[in-house]
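Have the viewer ready and follow along.

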Amino acid sequence: MQRRGKVNASLGNYKDAIYDLNVAKSVESSIGGKRQIESELKIIFDQCKSTSTVVQHKENSLKTVGEMPRIKLQCVSMPDKGRGMVSSCDISPGSLVHAEEPYAMIISKQCRETHCHFCLNELPADRVPCSLCSIPFYCSNQCQIRAGGQMFRIYPEENAILKNLPSDLGEYAAEVIQGNDSELEIDDITEHNHECQGVHWPAVLPSEIVLAGRILARFSLKSTSEDISNFVERLELSHCYNHMPSESKLDSHIYAMVLLYCLQHSYGTIFSIDGISMSQVVIIISQIKVNCMTVVRLKSIDARGRSDQFGEFPFQSSAYLTSNVEQVRVGKAIYKAGSLFNHSCQPNVHAYFISRTLYLRTTKVVAAGCQLELSYGPQVGLWDCKDRLNFLKDEYIFHCQCTGCSEVNLSDIVLNAFHCVNTNCSGAVLESRVLDCEKQKIKHFSIDDKVDKNDDIYEVCLHALNENDASIHIQPGYCLKCGSYCELESSHAAVDKALITIKRLQDAILSREISNTTISDALRSLRLLRSNLHAYNKLIAEAEDNLAQAFCLVGELQPSMGHCKASIQILEKLYDPDDIVIAYELVKLSSIQLSLDDGAAVDSISRIGDIFSRFYGLHADLVFPYLQYLRREIENFSVKALQSNAFPAK
């Protein structure tokens, strides 16, 4: 019923969702489970209040696609990327294009004590252990039962709790149960039972190997009708075995043998330890390497280190704080259809998770026939091109040829660039490691077709494209704009010295022992960084962010806000101004502005909401409950401001 309620809420069927969740709350025995349902009910009530506003907003911003995918996608073969997903029609930003339950999932080892082993949500105080081995923990009885391969069923004529429900809820629950009981039989897949018979081997083996075991648990249910080779072929997942280094191949074979012994202990002769079975398990392990998706949760953490999952914070708006957004890696999963979406370092699709469900939403306009691509981790703005290429080759065994890696962009040029020795020049000075990668992209750069001449990219690349001067300007240490030479060795030494002081500030922030001397030294180091690094170098943004946190912790909010804004200004050059990364940084800025009773907080939070709506749609409050806190603070702040005539009503 709880799951049905969430689905109804995502569809906008709030009345049915409230009925479903009330029934689920009535039959839930654990206190933590009841609290979780109450939290979900509160979110739905808030959504009911703002439904008309949301609908109007979605109409105005052309976000016409609902919270269930309505766009038909096609899997096509790409000459350079293999299979990929495209749409036969144009897709507007913020459109939900795909939703999928995992084929197999495993919790991350570092989250075993903090998150539910089935739904991957945070564990309540009264967590529910596995009834057999007591090692995995679940947030409720439903998750514990479903992890064992059973569906949660209630029979009205036999259940005393259901009989005690109010008549309207009881009738509704009976109708739902009797009308949909057949649907509950669809996917009785055990995720854990085979792991807790005897020695608990998942505690020892790597998560990817345990995930392979959960995939093979599905084969055990159908072993009488097909052999393991047919099962692996029917998975239709690409693999990278032929391109794996010898050491990795050897590890895979060893783990395959161990896994087969463990599965044979649980299932008997269904799993034979022979050459064919070994080879197929090795293939599954290599499939997981290139198709596994990391499941993340967003968590907001204030400057005192307190975390929030449900949007409630134990402090007043006048408290000194910054709120940082952290992505917690809570699990790994295989999504069969989701694995068909290819990678791009400049993605047009954003992936996020609610409980176990994967959602994919467009972040840009995607023309009919164009690939829908998401990021496998690194993207433009996070790392420079060379680092991204190396990571993707090591982790996913392919050479990226996306637009971000084949066409010049400002971010890759300036992200790690040095400052020109001419203080009046905005050009970038590159070292050989970066320049070797960028040279190939600059060759394909067209001033007339691709660049707004008012943009910084024009200034950076103009002289580099002049054939007469190319031999001078496209060299390590030479400014790409004016051709001046910079002695990089001394610049490196100055930057390294400054970073030692910034690292000292980071340690002080973590220990909450910040002195005036530490901040003064960091300010001098920031000036040193700015005199040696390009104005858009990411190291400067990180130093500004550290100073913002330090000033906030000592109660000096005005300088904290200034450094926070300076960091955001750089990141807006490295990323798209409407990227989700910018929204995370605006969360910090808005929390400071609220503490200062600064009217600009209204604009910051409005911008956060717009970006989150594009990346998460109506799921924004479920993915990041801290948004509810910000909205409540803005409502309170607006009332106070109007009463004091701080700013006119709009």
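Pro102 is found in the loop between strand S3 (96–100) and strand S4 (104–107); helices (H or I, at least four residues) and strands (E, at least two) are DSSP runs, numbered from the N terminus. The model is a predicted one, in which local features need pLDDT of at least 70, side-chain atom pairs count only at pLDDT 80 or more, and totals for chains, interfaces and linings use all residues. Residues are numbered from 1 along each chain as its sequence is written, and side-chain values use heavy atoms, with hydrogens and water left out.

With a relative accessibility of 7%, Pro102 counts as buried; buried means under 20% relative accessible area, exposed over 50%, and partly exposed in between (1.4 Å probe, protein chains only). Ala333 is 231 residues away from Pro102 in sequence, yet their C-alpha atoms are 6.2 Å apart. Beyond residues up to four places away in sequence, Pro102 touches Arg218, Ala333, Ile334, Tyr335 and Arg356, where contact means heavy atoms within 4.5 Å.

Asn121 is buried at 17% relative accessible area. Its side chain makes a polar contact of 3.3 Å with that of Arg297; such a contact is a pair of N or O atoms within 3.5 Å, and within protein one must be able to donate a hydrogen and the other to accept it, while residues adjacent in sequence count only if both atoms are side-chain atoms. Among the other residues in contact with Asn121 are Lys6, Gln36 and Ser355.

Now for backbone angles. Most residues other than glycine have a negative phi. Two residues go the other way, and the table sets them side by side.

| Residue | Phi | Relative accessibility |
|---|---|---|
| Leu120 | near 70° | 0%, buried |
| Asp597 | about 55° | 49%, partly exposed |

Asp597 sits in the loop between helix H23 (residues 580–595) and helix H24 (600–616).

A nonpolar core is a set of buried Ala, Val, Leu, Ile, Met, Phe, Trp, Tyr and Cys residues joined through side-chain atoms within 4.5 Å. The largest one has 80 residues, and those with the most contacts inside it include Leu298, Ile580 and Phe624. Helix H23 gives the largest share of this core, 10 residues. A second, separate core has 31 residues, Tyr103 and Ile288 among them.

The largest cavity is lined by 15 residues, and Ile106, His117, Pro136, Glu195 and Arg214 lie nearest its centre. Strand S4 and helix H8 (207–221) are the elements that give two or more residues to this lining.

How values were computed
1 Å grid on protein atoms, 1.4 Å probe; cavity = no way out; pocket = protein on both sides within 12 Å on 5 of 7 lines; lining within 4 Å.
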